[in-house]
Amino acid sequence: MTRSEVRKKDNILRAVTYIISIALGLFILVPFISMLMGKFGDPYIDEEVENIIAHDLLKFWKQFILVFNSGQFTNFMNSVIVSVLSTVFCMYVSAMTAYGITAYEWKLREAFDKMILIIVMIPGTISTIGFYQLIYKFHLINLLSMLILPAIASPITVLFMRLYLKATFSKALVESARLDGAGEFRIFNQIILPLLKPAIATQAIFCFVTSWHNTLIPSIILIEESKRTLPVSNNTLGTELLLFLPPILVYAFLSKHIVEGIALGGVKT
């Protein structure tokens, strides 16, 4: 096969891929567009298309302003604080744990590795009652930190990063850094974290979305309305506006790493 034929075949394959991707994208967006039209637009308005779009945008903007002028903005900021801090701490601690299991030789390493796998199989709701009794006993009700601290220990995130490091970790690189006088924290922050960037980006999306849409624990421990996160707040004005935007923005920012992270993280076990 000549070079021109190979190039022609590649162009055809690329064109088919783009067409299928665009079709799937439009198919996925149909419910989203329908929701917006149902929320902000009246499909039976007998006007020009331009007037309908202007009407919907104006209504959307007015409702958006009302949301930010109401107490619901406080609930929105509570969700932002909890989700962002949970994601950041979870990624850092999980990456450090995975590095510790992979890079160091210690007696109970294999047992600890298997214990993480067992914990992943246990549903998180089982510990809900015990968790509530614990924070009630220590008078920790109504604290946003009680939503952040439990999220730091994420067995599934540790397991994913452990699998990723098994495929990409280079002991010779770490040893050479140690010979150059680098400390363990410097090696982790300047070598391992950049190496784990695809895995971190992948898990950060899942962690943020899970924390953002969490309703079980916040509805139990957050009693005051001013302390509640957005999904469990009593305010319903334009909740859809604020609920779907942050996860979409996070996914749009980190999605370029998700395929690479999943592919490399699952190369070998």
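Tutor: Let us begin with helix α7 (residues 155-168) and helix α10 (residues 197-212), whose axes come within 10 Å and cross at roughly 155° in this predicted model. An angle over 145 degrees counts as roughly antiparallel, and therefore α7 is roughly antiparallel to α10. The crossing in which α7 passes α10 is right-handed. On the α7 side, the contact is made by Thr157, Phe160, Met161 and Tyr164. On the α10 side, Pro198, Ala199, Ile200, Thr202 and Gln203 take part. Sorted by class, the residues of this contact comprise 6 nonpolar, 3 polar and no charged.

Helix α10 also packs against α3. The angle between α3 and α10 is about 145°, and their axes lie 9 Å apart. Here, too, the crossing is right-handed. From α3, the contact draws on Phe76, Ser79, Val80, Val82, Ser83, Val84, Ser86, Thr87, Cys90 and Met91. From α10, it draws on Ile200, Gln203, Ala204, Cys207, Phe208, Ser211 and Trp212. The residues of the contact of α3 with α10 divide into 11 nonpolar, 6 polar and no charged.

The side chain of Asn142 reaches the backbone nitrogen of Glu224 at 3.1 Å. Apart from its neighbours within four places in sequence, Asn142 is in contact with Ile221, Leu222, Ile223, Glu224 and Lys227. Asn142 and Arg228 are 86 residues apart along the chain, yet their C-alpha atoms are separated by 8.2 Å.

A further helix pair may be set beside the one with which we began. Helix α8 (residues 171-179) and helix α9 (residues 184-195) pack at an angle of about 130°, with their axes 10 Å apart. The two helices are therefore oblique to each other. The crossing of α8 and α9 is right-handed. Leu173, Val174, Ala177 and Arg178 of α8 meet Glu184, Ile187, Ile191 and Ile192 of α9 in this contact. By class, the contact has 6 nonpolar, no polar and 2 charged residues, whereas the contact of α7 with α10 has no charged residues.

Finally, the whole chain gives these details their setting. The protein chain contains 13 helices and 0 strands. Among contacts with a separation of 6 or more, 79% join residues 24 or more positions apart.

Conventions:
Residues numbered from 1 in each chain as written. Predicted model: local features only at pLDDT ≥ 70, side-chain atom pairs only at ≥ 80, totals over all residues. Heavy atoms only, no water. Contact = heavy atoms within 4.5 Å. Polar contact = N/O pair within 3.5 Å; in protein donor to acceptor, adjacent residues only side chain to side chain. Axes fitted to C-alpha atoms, helices over the stretch in contact; angles between N-to-C directions. Helix = DSSP H or I, 4+ residues; strand = E, 2+ residues; numbered from the N terminus. Parallel < 35°, antiparallel > 145°, perpendicular 65-115°, else oblique. Left-handed = near helix turned anticlockwise from the far one by under 90°. Nonpolar A, V, L, I, M, F, W, Y, C, P; charged D, E, K, R; others polar.
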